[in-house]
Amino acid sequence: MMPTLQEELQLNFLAVKGSIATFLVAAYMKSVPMIYNYFAKTPIDWSTADSEMLAQYKKIIAFRNSSTAIKKGTYTGYSSDAVSAFTMVKDAEKVLVFSNLTNNDAKYLVANSLKGTWKDAFTGNAVTLGTEITLFPFQYLVLKN
């Protein structure tokens, strides 16, 4: 049975969200983000990319470029089965990353050492972490001290 147009659009939406959530983890976890077609070693043609998706990639890379903790920090993992969670720390800078790598809502129990008030790395808004957070499918959250 062929999927309906609605089902195809939903699958495409989830694929885009999933690729961004995965890219964030790769870019921030002492890795090099894939900006080339690895197998052909040619640049990816970004001119055909969805503008909203491209904006997300640019935002993620811009923060990576501005953060010494992300580029050169010490990694500490706090992941669960569904959520990739880790800190990167360099000198006084501490970055906390959460990325739900599933297509379901994910409840994440926050470690005691991570509870408290942080700043959203992209908006600058204060974020207070308590006992648990819930992340929507493929949602990510990047916090800094």
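## Positive surface patch

K30, K71, K72 and K90 gather on the surface in a patch of positive charge. A patch here joins like charges within 9 Å, using residues with over 30% relative accessible area and no salt bridge; Lys and Arg count as positive, Asp and Glu as negative, while His and the chain ends are not counted. Each charge is placed at NZ of Lys, CZ of Arg, CG of Asp or CD of Glu. Accessible areas come from the Shrake-Rupley method with a 1.4 Å probe, and for residues only the protein chains shown count as cover.

One of these lysines, K71, is located in helix 3 (residues 68-72). K71 has a relative accessible area of 42% and is therefore partly exposed (buried is under 20%, exposed over 50%, partly exposed in between).

## Basis of the model

This is a predicted model, in which local features need pLDDT of at least 70 and side-chain atom pairs count only at pLDDT 80 or more, whereas totals for chains, interfaces and linings use all residues. Residues are numbered from 1 along each chain as its sequence is written, and side-chain values use heavy atoms, with hydrogens and water left out. Helices (H or I, at least four residues) and strands (E, at least two) are DSSP runs numbered from the N terminus.

## Salt bridge

The whole structure contains 1 salt bridge, defined as a side-chain nitrogen of Lys or Arg within 4 Å of a carboxyl oxygen of Asp or Glu. It is formed by the side chains of K107 and E132, at 3.5 Å from N to O. The pair links distant parts of the chain, 25 residues apart: K107 belongs to strand 6 (residues 106-109) and E132 to strand 9 (residues 132-135). K107 is exposed, at 62% relative accessible area, whereas E132 is partly exposed, at 37%.

Strand 6 also holds A106, which is buried at 4% relative accessible area. The C-alpha atoms of A106 and Q139 are 9.3 Å apart, although 33 residues separate the two along the chain.

L24 lies in helix 1 and is buried, with a relative accessible area of 0%. L24 and I61 are 37 residues apart in sequence, with 8.5 Å between their C-alpha atoms.

Conventions:
Patches are made of residues with over 30% relative accessible area and no salt bridge: like charges are joined within 9 Å, nonpolar side chains (Val, Leu, Ile, Met, Phe, Trp, Tyr) within 5 Å. Buried means under 20% relative accessible area, exposed over 50%, partly exposed in between (1.4 Å probe, protein chains only).
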